[in-house]
2 protein chains.
Amino acid sequence: MTTTLITNIGELVTNDPEAAEDGRGLLGVVEQAALLLEGAHVAWVGRAADAPAADQLVDAGGRAVLPGFVDSHSHLVFAGDRAAEFAARMAGTPYAAGGIRTTVAATRAATDEQLTSHVARLVEEMRRQGTTTVEIKSGYGLSVHDEARSLAVARQFTDETTFLGAHVVPEGDPGEYVDLVTGPMLDAAKEHARWIDVFCERGAFDADQARTILRAGAAAGLRGRLHANQLTYGEGVRLAAELGLVAVDHCTYLSDEDVAALRDSGTIATLLPGVEFSTRQPYPDARRLLDAGVRVALASDCNPGSCFTSSIPLCIALAVREMGMTPAEAVHAATYRGAEALDRDDVGALLPGRRADLVVLDAPTHVHLAYRPGVPLVRQTWAAGRPL
Amino acid sequence: MTTTLITNIGELVTNDPEAAEDGRGLLGVVEQAALLLEGAHVAWVGRAADAPAADQLVDAGGRAVLPGFVDSHSHLVFAGDRAAEFAARMAGTPYAAGGIRTTVAATRAATDEQLTSHVARLVEEMRRQGTTTVEIKSGYGLSVHDEARSLAVARQFTDETTFLGAHVVPEGDPGEYVDLVTGPMLDAAKEHARWIDVFCERGAFDADQARTILRAGAAAGLRGRLHANQLTYGEGVRLAAELGLVAVDHCTYLSDEDVAALRDSGTIATLLPGVEFSTRQPYPDARRLLDAGVRVALASDCNPGSCFTSSIPLCIALAVREMGMTPAEAVHAATYRGAEALDRDDVGALLPGRRADLVVLDAPTHVHLAYRPGVPLVRQTWAAGRPL
């Protein structure tokens, strides 16, 4: 197998968990580092001066190298655009359009080819910004046919597909819709999905409905995730902890009991600050969670309604500006914790045996992702050992 | 002269002031538009269906085309990096380093070649983000030799160079330093500068010192600008209005009298939201200024201490999220008003006779600059009729 040595790395973020434990820092940084890739994987990590020989050499020019970002929450399968709704929201003026339902109508009307090319464009946009693993949800089909095809489209781009038939009730009786989601829709969706998710919020699905849906999903072999406590306090986060879900997403409105439940269950709180930026809502308090011993991940929530950013670098900058995270914590949350939130141990770190998914920054350290907000600092993204 | 027709423009932002006056909107938008370039200038603007013939055709693919951004406030001539100071500030921990003085020491120690290559890199980074005109200040030399050479370096990249010897008092007696700035330093700087600027703020220079420095600059043929009311209320904004300056920058803390003075004098308030993002200070209230009839420009203030972003798209998104501007007002402020803030009538709009400086967005409308924060949406930047 061909070996490639990336050398002259000014700062290498490994996310080595042993480094975090023995006080060498959360990111397991190695300075003046090199990274040996063998095929698609990392074979060796260390100081450049100690590096083994390799078939080819790449000079990183003193730049920082990080694990590729793991974006564990996105809604990329949709058609249409809600820029006018966004502009109205920012101006504080009423806007009559139907929110998610606008996107559902446009998505149903789109061809498979249109949906595929739209997802391809967004995934490519994400890669240029350093994202090498992305979770993609359905949820703008909301019919048996349209949910299944949304997932089939998503599956072309990632293994991390999530069935979100329970996004909103599209029309009719909520109880009948839950029956549809847990019955024929789940049957059609399950072959294309790894995960099942529910929007557990006032106006969407309550905790009892969410429990029913997640149990049906589990019986069909899908692992559970939840949208919860985004818009107000509620039972969603405690349900996630009760069910032992790997992650619960949003977590903007948390009681002390919610925080304790997350700490005790080990469920990861995935925070999505692009949403608060784009809706002018208060940001979740990452500092409170971290100080309580809760694991925190960051993801984009890229979607056409509440947050149409695909930029993990922006999420990192917002997490530092608005949520009390240090740059190191924010980078860790968007890489190592993102991988954990998808229960993946092959990505999210640059250590021997992990996949060689990495980002070369046009900057000497990871701090620049927060210090230089908005600047496209991702010089190059590598996935599975190859530059994109 | 070769003519180029850029056609199939989904939304063309012209910034035609007549459109703003007759109710067609602030941005003078033309949909399904085309733009004829003749050499370095715009020769014709209109509906694609009415476009004249041209030597060559460029298909914009339905994308939005905007005037290039005019960044009227930056501090690009420096050496060193203050990422550690930024991280400490975000963590709320004390940091012993010397702020601006750290950068002054690094700048004085750098060679001309190092300073030039550093500015070149940042200007190139700005261009990739759509900035086609940039003002660059000195202010990290603070000696006769280092201020003059900082401006000579800046002059290689822009005509809009600003002598900011009065950034802080580097050492010694403030009165003696004002004598130096208005005497030998101004003599050495004036041949390389168009503008003179003063940081009028508690801890820097008071209004009397600022008046003295700006008058000396005027006598030497330099036009005045001011940094004022960034950190607290003060006399700087009223001084700018009294002196009839074209623009006064920051304007975070404004009394009603300050707002009235800006309205009556016509002095432009240039807001720099990247600073508030990066220092966690309250944002200036653009809405209040606009509602009072004050002209508002947006600029980056790119500098290594308080704001190391070069991203006008981020400034636009922040202006919408945090300062009450509409996307159209924010785009106008970063183009047309930016040009006005530099007293330039050859850039900032896409109208016959203006310079063909433009941005092609990977988006159908200008709204996406706020709707899709952090995403590198600038597909291509053209300067003086040529793609970069």
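Guide: Two strands count as paired if DSSP finds at least two bridges between them, while the strands themselves (E, at least two residues) and the helices (H or I, at least four) are DSSP runs numbered from the N terminus.

Before we go further, residues are numbered from 1 along each chain as its sequence is written, and chains are lettered from A and ligands numbered from 1 in the order in which they are written. Because the model is predicted, local features need pLDDT of at least 70 and side-chain atom pairs count only at pLDDT 80 or more, whereas totals for chains, interfaces and linings use all residues; side-chain values use heavy atoms, with hydrogens and water left out. Here pLDDT is the predictor's confidence in each residue, from 0 to 100, and chain A has a mean of 97, with 99% of its residues at 70 or more. For the complex, the predictor gives an ipTM of 0.97 and a pTM of 0.98.

β13(A) belongs to an open sheet of seven strands, paired in parallel and ordered β8-β9-β10-β11-β12-β13-β14 in chain A. At the edges stand β8 (136-137) and β14 (296-298) of chain A, each with a single partner strand, so one side of each has no neighbour in the sheet. Another helix, α8 (residues 236-243) of chain A, touches β10 (195-200), β11 (223-228) and β12 (247-250) of chain A, and its direction makes about 160° with that of β11(A). In such descriptions, contact means heavy atoms within 4.5 Å, and angles, from 0 to 180 degrees, are taken between N-to-C directions of axes fitted to C-alpha atoms, for helices over the stretch in contact.

Turning to chain B, we find an open sheet of seven strands with parallel pairing, ordered β8-β9-β10-β11-β12-β13-β14, and its edge strands are β8 (136-137) and β14 of chain B, each pairing on one side only. From β13 (residues 268-271) of chain B, B:Ile268 and B:Thr270 point one way, B:Ala269 and B:Leu271 point the other way, and all are buried, which is to say under 20% relative accessible area, where over 50% would be exposed and anything in between partly exposed (1.4 Å probe, protein chains only). In a regular strand the side chains alternate between the two faces of the sheet.

On one side, β12 (residues 247-250) of chain B pairs with β13(B) in the parallel sense over three bridges, with B:Val248 opposite B:Ala269. β13(B) is also joined by three bridges to the parallel strand β14 (residues 296-298) of chain B, where B:Ala269 stands opposite B:Val296. Together, β12(B), helix α9 (residues 256-265) of chain B and β13(B) form a right-handed β-α-β unit; right-handed here means that, with the strands pointing away from the viewer, the path from the first strand over the helix to the second runs clockwise.

A:Phe78 lies in the loop between β6 (69-71) and α2 (83-91) of chain A, and A:Phe308 in the loop between β14 and α12 (312-323) of chain A, so the pair ties together parts 230 residues apart in sequence. A:Phe78 is buried at a relative accessible area of 1%, and A:Phe308 is buried at 5%. A:Phe78, A:Phe86, A:Tyr140, A:Phe308 and B:Tyr371 make up one aromatic cluster.

Note on methods
Phe/Tyr/Trp six-rings, centres within 6.5 Å; stacked < 30°, edge-to-face > 60°.
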